[in-house]
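Please read them beside the coordinates.

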Amino acid sequence: MAETTTKTPVYALTREERRFVGLHLVFAFAALTIGSLFGPLQALEHAGLDLYPTLEKFGIQSYYQGLTLHGVLNALVWTTFFITGFLTVAIIRGFQRRLAYPGLNQFGFWTMVVGLLMAAVPLLLNKATVLFTFYPPMQASTWFYLGLTLVVVGSWIEGWGFYATYWQWRKDNPKTRTPFIAFASLITMVMWQIATLGVAAEILGLLLPWSMGLTDGIDPQLSRTFFWFTGHPLVYFWLLPAYVSWYGMLPKQVDGKLFSDSLARLAFWLFLLLSVPLGFHHQFVDPGVPAGWKYVHAILTFSVFFPSLLTFFTVIASLEYGARQRGGKGRFGWIRALPWSNPSVTAQLLAGILFVFGGIGGLANAAYNVNLVLHNTAWVPGHFHLTVASAVTLSFIGISFWLVPHLTHKPLWQPKVALAGVWTYFVGMLIFSNAMHTVGLLGAPRRTTLGLAPYVPAEWSGYLWRVGFGGSLMWIGIMATIVVVAVTAFRKKELPEGEFVDVPVAESIEDPQRTPVWLDSWKPWLVGTAVLVLLAYGPQLIDQIFGMSATSPRIAP
Amino acid sequence: MSATTEHIHIDPTEKRWMIASVILLLIFFAAVTVAGFMLGIQVPTRERRVDPNTVAEQPPWSEPGVREIVPGEEYEVYVLAHRFSFTPNEIEVPVGAKVTFYVTSTDVQHGFKLQDTNINFMAIPGQVSKLSTTFDEPGVYPYVCTEYCGLGHAVMAGAVTVTEAP
């Protein structure tokens, strides 16, 4: 069984809306397909098999060009295009109304597409081989920075379209609690727009004028501080849409209900409040940031684990509620009663399991001096493959397994292949990430062609071999899921006349109308967020901006 | 109670979970704090700024390498990071001495990780990174560049040889 169909959808998207969201997915999956191609090549290089020389005739000139494409396409493009498309569905279905200004959202989307194409050209021409963190003074083509800017601005514009839709709905429904999936989507977008102020300042204020030759030098430390203002909340921009599904949709797919409406909303508000003011935990070993401020951000980073732990409880309780409705019994026996034959559910359950390990590893990253052991080692990509490449990507794949049938009115092609794909990816990820974490603890640096490194001791080789093996399995798994999605989208066979795949929207056990109004009011939370960001970042931003010494010239990669 | 009375329903199990979560995070945080401020395992802090374009011509980096402050007890090591090597790439210090590393970059961003120690920091042009360690065992400790700095990044490495006390 793949997806449940209904004859009476609660609220159907129009043909134009479905086409518009579908276009987001076309770009998202194209990016994922190309970006993932480089994954096994990196993993196999670590295992001693460098296939990059064979790619030279296709214009890929180095491991690092491949790594840049892998990071930009998978972590930035796949995520941003999928998220804006998916949240459009959540907004329309949540509010059960049309977008307020569809033209505005379309303008935002095409801005993203123009930005993507603008950045893709230098990336493919090896003129922007600066990895997805683009640290100066290593300089990329101006078009790369401009393109990234347009992708971000386009996503903002789509967000403004969501806000306008909310205001229209609010005017018509002054007393109603905001429907949960729309509420959570709005918070995701607002958090994103606050978070991206950092990278906007970095690109517009420092990188663009410098790369165009308007300024001669740049301050690499200040640039890092701006970058990481955005860099960590970026992770929450990826994660929160998966949470929209885990809290607001997945329970419905397992015949359950959202366990606690109030606490789900509280978790989202805490993510808005705490996602941004903690970026220095990516700069624990930077020389230009005082240790005291690093410690303050370490405290704040620990506090953002609280809403994550809250999520862990609520999501599992919601799943258990559903499993027991389905006849599940026993303390853990209910797990077997979940609909594991549904690839959409299984993908998201496996995403959640991997994220438990990702969360635990994240605690180590965030733990101030513990970071000395693992900073910039293979541990770090081992960690974020459990977050963005598992919790996020596997959830988005799972969502696509109902979303594409929803958008196209076509049944999912080969659910068994879909299931095999997500399980293969899961097993590959366990092997890969475990080996990456371990070899990182032994001292292996990240972002390095270890096959060429003179310092690799024999004891790393077993782990590096497992990196290659696990990474290859992951590629096979993800390709299987992409094929399922693509064939579903373009196949001829349609759902039977009059049947639809509805957006799964979970009810909550308690009536959302009883949720206190302070959990549905923007003002206190926005003010709190602004105050916290100013307190956590203000003094250091003032200090680093006014103490800027722009001494680094442009240096080619 | 009417159906529209506002309230937060918190399941007793969930309440216990929330309390346990807070306690767990407090314990972890206390451990980090004790390690940092009582046992002295610290992250780098702001040291000083230099001009990356001229730093290699001015003391102390005009003569990078080891400085003996107190023989057998205290040493300072000045290291320049540049594409694609460290200067110096061989360092020798005695076992048991406190060794303080000062590292900066003359070009792009690099990393400096001294294997099997707590010394691991960025080498950023314009900034000086500083951390100290004491080697308890004689042996060879490689240091490697941990930030992508260009095509030759993987070969950027050196080694500290820790000798038996004289």
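How many residue pairs are in polar contact between chain B and chain A? The count is 28, with both residues at pLDDT 80 or more; a polar contact is a pair of N or O atoms within 3.5 Å, where within protein one must be able to donate a hydrogen and the other to accept it, and residues adjacent in sequence count only if both atoms are side-chain atoms.

1. Basis. This is a predicted model, in which local features need pLDDT of at least 70 and side-chain atom pairs count only at pLDDT 80 or more, while totals for chains, interfaces and linings use all residues. Residues are numbered from 1 along each chain as its sequence is written, chains are lettered from A and ligands numbered from 1 in the order in which they are written, and side-chain values use heavy atoms, with hydrogens and water left out.

2. Extent of the interface. Chain B and chain A bury about 5900 Å² between them, and 62% of that is on carbon and sulfur atoms; buried area is the accessible area (1.4 Å probe) that two parts lose on being put together, summed over both. In chain B, the residues that lose the most area to chain A are B:Phe29, B:Arg46 and B:Tyr148, together 12% of what that side buries. Contact (heavy atoms within 4.5 Å) takes in 65 residues of chain B and 80 residues of chain A.

3. Salt bridges across the interface. Three salt bridges are found between chain B and chain A, a salt bridge being a side-chain nitrogen of Lys or Arg within 4 Å of a carboxyl oxygen of Asp or Glu. One pairs B:Arg46 with A:Asp543, at 2.5 Å from N to O. On the chain B side, helix H1 (12–37), strand E7 (120–123) and strand E8 (129–134) each supply at least two residues that touch chain A. H1(B) gives the largest share, 14 residues. That side of chain B divides into 33 nonpolar, 21 polar and 11 charged residues; Ala, Val, Leu, Ile, Met, Phe, Trp, Tyr, Cys and Pro count as nonpolar, Asp, Glu, Lys and Arg as charged, and the others, Gly among them, as polar. Helices (H or I, at least four residues) and strands (E, at least two) are DSSP runs, numbered from the N terminus.

4. A:Arg447. The side chains of A:Arg447 and B:Glu147 meet in a salt bridge, 2.8 Å from N to O. The pair crosses between chains, from the loop between helix H16 (415–441) and H17 of chain A to the loop between strand E9 (139–144) and strand E10 (157–163) of chain B. A:Arg447 is buried at 9% relative accessible area, and B:Glu147 is buried at 2%; buried means under 20%, exposed over 50%, and partly exposed in between (1.4 Å probe, protein chains only). A:Arg447 also has a positive phi, near 50°, in a residue other than glycine.

5. Salt bridges within chain A. The search of the whole structure finds 14 salt bridges over all chains. A:Glu499 and A:Lys7 form a salt bridge at 3.2 Å. This pair links distant parts of the chain, 492 residues apart, with A:Lys7 in the segment before helix H1 (15–46) of chain A. A:Lys7 is exposed, with a relative accessible area of 56%. A:Arg324 and A:Glu320 form another salt bridge, with the closest N and O atoms 2.6 Å apart. These two are four residues apart in helix H12 (residues 305–325) of chain A, so about one helical turn separates them.

6. Backbone points to check. The peptide bond joining B:Pro59 and B:Pro60 is cis, with omega about 0°, and B:Pro60 lies in the loop between H1 and strand E1 (65–70) of chain B. A cis bond also runs from B:Thr87 to B:Pro88, with omega near -5°. A:Asn126 has a phi near 65°, positive in a residue other than glycine, and is partly exposed at 24%.

7. Domains of chain B. The assignment, in which bounds come from an automatic or database domain assignment, gives domain 1 (10–41) and domain 2 (45–163). Their centres, taken over C-alpha atoms, are 35 Å apart.
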